[in-house]
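Subject: Structure handover

Hello,

Here is the structure I promised to pass on. Please open it first, then read the notes below it.

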Amino acid sequence: MERGVILEYFLSEQQKTLKSLARRIAEERILPRRAELDEREEFPWEIMKDLANADMFRAFIPEEYEGLGGGCLDLCLVVEELSRVCSGVAVSYAASALGGFALLEYGTEAQKRQYLPDIAAGKKLTAFALTESTAGSDAGAIKTTAERVKEGYLINGTKQFITNGGDAELYTVIALTDKERGARGASAFLVEKDTPGFSFGKKEKKMGIRASSTRELVFRNCLVPAKNLIGKEGMGFIMTLRILDRSRPGIGAQAVGLAQGALEAAVDYARQRIQFEHPIISLPVVQNMLADMAINVEAARALTYAVARTVDSGAKHFTEEAAMAKVFASDVAMKVTTDAVQIFGGAGYMRDYPVEKMMRDAKITQIYEGSNQVLRNAIALELRKRKARRE
Ligand SMILES: Cc1cc2nc3c(=O)[nH]c(=O)nc-3n(C[C@H](O)[C@H](O)[C@H](O)COP(=O)(O)OP(=O)(O)OC[C@H]3O[C@@H](n4cnc5c(N)ncnc54)[C@H](O)[C@@H]3O)c2cc1C
């Protein structure tokens, strides 16, 4: 049994192999470079190549498009293991899955054949572009337009805070094909990096996940062929909601991995740090903190895996459950990484140890892919509807 994991969770042999391979890459290839990547805010190209060589990008792609045929849980297992060591690397990998979800779920056979094998091979990283400066939680307020012209669609507008922006080769971009209809007039497009009229703006300087890149995408009369429309015009917003439902367990997994890494670091430190002539792990207050951290990490993992399995079962409705996994696991990650810093004392505040980075990295899991407040609203709304149905 793995250290720090009390349950096997009935993973298949393929999933166990995937998880342990991801752990090995994380420990051998990411661990020695994580402080440097964070410090230099450098995109982890070499590590992306290692992940590609180890077939990690195939994990979530169907076999007919040169993938391994895994699903949401397989993706979560890889993200968790990468995030246990470096959440910045983990999100660069996970965002590439997010960027491909619309294509996977709603793409035509021709679109899938054109792009999925390269995504599976790790030759093309992807990104998902929804957010704009005036449309964050209120994603329906996007202003980027895609005007139908004779040669295709002309995209104009600016996307903000896009993970893998500038480094990805392929972008799923949500834009309005009918301005009058607001969110109901949104559509999804595949846009290749070298398309004329598509460029990159500001690269953000971030608090955490600094190995990942977050950039503005700028579209100025960017002409994309009509065949790059995913699904039908007007389906973009509905697709986005479904894609985010499907990807939120991945944020749960990112949070679980972070919390697991912080817990292990805190236990190791508490065992070797001597104060008052004893290791601090002999103090009941420290033991209680560690026990609570371990309980919460395991609960977050159980919920995340359960929801990922629900997604893989082919279930149609899991909006609330996916939101619950993301909210719960990210709140756990924030608490556990903060407590890990506390257990390290002053040393925890220093960059010599990994826990301050983990605490910085944890914060974003409460914000992106739907802030925890917005997701709590969505869960509460469903509870109110269920109560009304019972009355
Ligand atoms: C590092 C990073 C990477 C990102 N990557 C991507 C990406 O790859 N693709 C992409 O499209 N986007 C991406 N985003 C955008 C991200 O999803 C948004 O930042 C997030 O949805 C919140 O939107 P906002 O930042 O505009 O905050 P706002 O919507 O302005 O929210 C500000 C505050 O108000 C609260 N709030 C707003 N509305 C409500 C409400 N109705 N009820 C309760 N509280 C509310 C929020 O919870 C928050 O606390 C990324 C963001 C960051 C920081």
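Of the 391 residues of the protein, 55% count as buried. Buried means under 20% relative accessible area, exposed means over 50%, and partly exposed lies in between (1.4 Å probe, protein chains only).

Before the details, two points on how to read this. The model is predicted, so local features need pLDDT of at least 70 and side-chain atom pairs count only at pLDDT 80 or more, while totals for chains, interfaces and linings use all residues. Residues are numbered from 1 along each chain as its sequence is written, and side-chain values use heavy atoms, with hydrogens and water left out.

Overall build

The protein has eleven helices and ten strands. These are DSSP runs numbered from the N terminus: helices are H or I with at least four residues, strands are E with at least two. The C-alpha trace spans about 80 × 55 × 40 Å along its principal axes. The radius of gyration is 21 Å, which agrees with the value near 21 Å for a compact globule of 391 residues. That radius is taken over C-alpha atoms, and the globule rule is 2.2 Å times the number of residues to the power 0.38.

Accessible areas come from the Shrake-Rupley method with a 1.4 Å probe; for residues, only the protein chains shown count as cover.

Cores

In soluble globular proteins, nonpolar side chains tend to be buried together. A nonpolar core here is a set of buried Ala, Val, Leu, Ile, Met, Phe, Trp, Tyr and Cys residues joined through side-chain atoms within 4.5 Å. The largest has 86 residues, and Leu51, Tyr93, Phe189 and Val191 have the most contacts inside it. Helix 5 (residues 87-106) gives the largest share of this core, ten residues. Apart from this core lies another, of 29 residues, including Leu290, Met293, Ala329 and Ala333.

What does Leu51 touch, leaving out residues up to four places away in sequence? Its partners are Ile25, Met56, Phe57, Leu82 and Tyr93.

Surface patch

Tyr349, Met350 and Tyr353 make a nonpolar surface patch of about 360 Å². Patches are made of residues with over 30% relative accessible area and no salt bridge; like charges are joined within 9 Å, nonpolar side chains (Val, Leu, Ile, Met, Phe, Trp, Tyr) within 5 Å. Tyr353 sits in the loop between helix 9 (319-344) and helix 10 (355-365). Tyr353 counts as partly exposed because its relative accessibility is 32%.

Salt bridges

Side chains of opposite charge can pair when their charged atoms come close. A salt bridge is a side-chain nitrogen of Lys or Arg within 4 Å of a carboxyl oxygen of Asp or Glu. The whole structure holds 33 of them.

Start with Arg40. It meets Glu36 in a salt bridge at 3.2 Å, N to O. Glu36 and Arg40 are four residues apart in helix 2 (residues 34-40), so about one helical turn separates them. Arg40 also pairs with Glu42, with the closest N and O atoms 3.0 Å apart. Arg40 is exposed at 54% relative accessibility. Glu36 is partly exposed at 31%, and Glu42 is partly exposed at 25%.

Next, Glu105 and Arg246 form a salt bridge, with the closest N and O atoms 2.2 Å apart. Glu105 is in helix 5 and Arg246 in helix 7 (residues 236-272), so the pair ties together parts 141 residues apart in sequence. Glu105 is partly exposed at 43%, whereas Arg246 is buried at 17%.

There is also a network. Salt bridges that share partners join Asp38, Glu41, Lys205, Arg210, Glu356 and Arg360.

Backbone angles

Most residues other than glycine have a negative phi, and most peptide bonds are trans. Phe10 has a positive phi of about 50° and is not a glycine. Phe10 lies in the segment before helix 1 (13-30). Ile209 also has a positive phi, near 35°. Ile209 is in the loop between strand 6 (198-203) and strand 7 (214-224).

Which of these residues is buried, and which is exposed? Phe10 is exposed at 78% relative accessibility. Ile209 is buried, with a relative accessible area of 4%.

Best wishes

Definitions and conventions
Contact = heavy atoms within 4.5 Å.
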